[in-house]
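Visitor: Please walk me through this model. I would like to hear what stands behind each label.

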Amino acid sequence: MTSVEEPARPNGRIRDAARTKAEILDVATKEFARAGYTGARVDEIAARTRTTKRMIYYYFGGKEQLFTAVLERAYSVIREAEQELDVEHLDPVAAIRRLAELTFDHHEAHPDFIRLVSIENIHEAEHITASEELGRIGSPALDVIGRILETGRRSGLFTADVDAVDLHAMISSFCFFRVANRHTFGALFGRDLVAPDQREHYRTMLGDMVIAYLTADRAAD
C-alpha cells in the first residue's frame, strides 16, 4: 500500500510535520506578541519560516486558529510547570512562597506570554473562550493552592478568608504588572521593575507580601 507523504522541501527532504508546526508556532508567537492579533500577518509569519502560507493554512486552518494555537501552547508551558511543582513536603508558608516564585520566574522568562495575554484581553478572551483545549487544562496551581490554604488554616498559620482563585490572582497580578508595565512604569517613576540587580528584591517582596496577608493577626477585626 502506498502511503501519502507531505510535500517535500526543495532539497528533497520530507517535511517533519511536528517540527514544521513548532517552527510556525515559534514565529507566530513572536509576530502576534509584536504586532497583536489584528496587526499580525500570516504572510509575514510564512516569510520568516521555512514553509509557505499554504502550509500554515494546511496545519492550522487560518489566522484565528493559528492565534488560538499560539495561546494554547503559551498557557500549556505555565500549566506544565505548575503540574511539576513539588511542594507537598514543605510547610504551608514555604509552599506558598515557592508557588509565588514559580509564577514570578515564569512571567519574567516569558515576556511574550504577557503580551499575548494582554492582547487576548483586548479581544475579551474570545479565542480562549472558544478553545476546548484551554477549557480542559485549567490551572493545576488552584488545586495546589487550595490544599496549602487548607493545611495552613488547620495549623493556625493562615488567618485570611481567601480562596485559591483570589490568591492566584494576587500572585499573578504582581508578576504580570512587573513585566507588562515595565516600560511605562520606568518612564513615569524612573525604576526598571525587571532590572537584574533588583530581581531578588522583588522576588522576595512578592513572597513576603503574600505571606504577610495570609498570616496577619486578625484578632482585632
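**Labels and their cut-offs**

Guide: Histidine 107 is buried, at a relative accessible area of 6%. The model is predicted, so local features need pLDDT of at least 70 and side-chain atom pairs pLDDT 80 or more, while totals for chains, interfaces and linings use all residues. Residues are numbered from 1 along each chain as its sequence is written, and side-chain values use heavy atoms, with hydrogens and water left out.

Visitor: Why is histidine 107 called buried?

Guide: Buried means under 20% relative accessible area, exposed over 50%, and partly exposed in between (1.4 Å probe, protein chains only). Histidine 107 has 6%, so the residue counts as buried. Histidine 107 lies in helix H5, residues 92-109. Helices here are DSSP runs (H or I, at least four residues), numbered from the N terminus.

Visitor: Which residues is histidine 107 in contact with, leaving aside neighbours within four places in sequence?

Guide: They are Phe113, Ile114, Ser172, Cys175, Phe176 and Val179. Contact means heavy atoms within 4.5 Å.

Visitor: What makes tyrosine 58 and tyrosine 59 an aromatic pair, and of which kind?

Guide: Rings of Phe, Tyr and Trp (its six-membered ring) pair if their centres lie within 6.5 Å; planes under 30 degrees apart are stacked, over 60 edge-to-face, the rest tilted. The count by this rule is eight aromatic pairs. Tyrosine 58 and tyrosine 59 are 5.2 Å apart centre to centre, with 70° between the planes: edge-to-face. Tyrosine 58 is exposed because its relative accessibility is 54%. Tyrosine 59 has 16%, so this residue is buried.

Visitor: What are the values for phenylalanine 177 and phenylalanine 185?

Guide: Their centres are 5.8 Å apart and their planes 85°, which again gives an edge-to-face pair. Phenylalanine 177, at 36% relative accessibility, counts as partly exposed. Phenylalanine 185 is partly exposed too, at 23%.

Visitor: How do you know that the charged end of lysine 63 sits over the ring of tyrosine 37?

Guide: The rule asks for NZ of Lys or CZ of Arg within 6 Å of the ring centre and within 35 degrees of the ring normal. The charged end of lysine 63 is 5.0 Å from the centre of the tyrosine 37 ring. Lysine 21 sits likewise over phenylalanine 60, at 5.9 Å. Tyrosine 37 is also linked by ring pairs with Phe32 and Phe67 into a cluster.

Conventions: Helix = DSSP H or I, 4+ residues; strand = E, 2+ residues; numbered from the N terminus.
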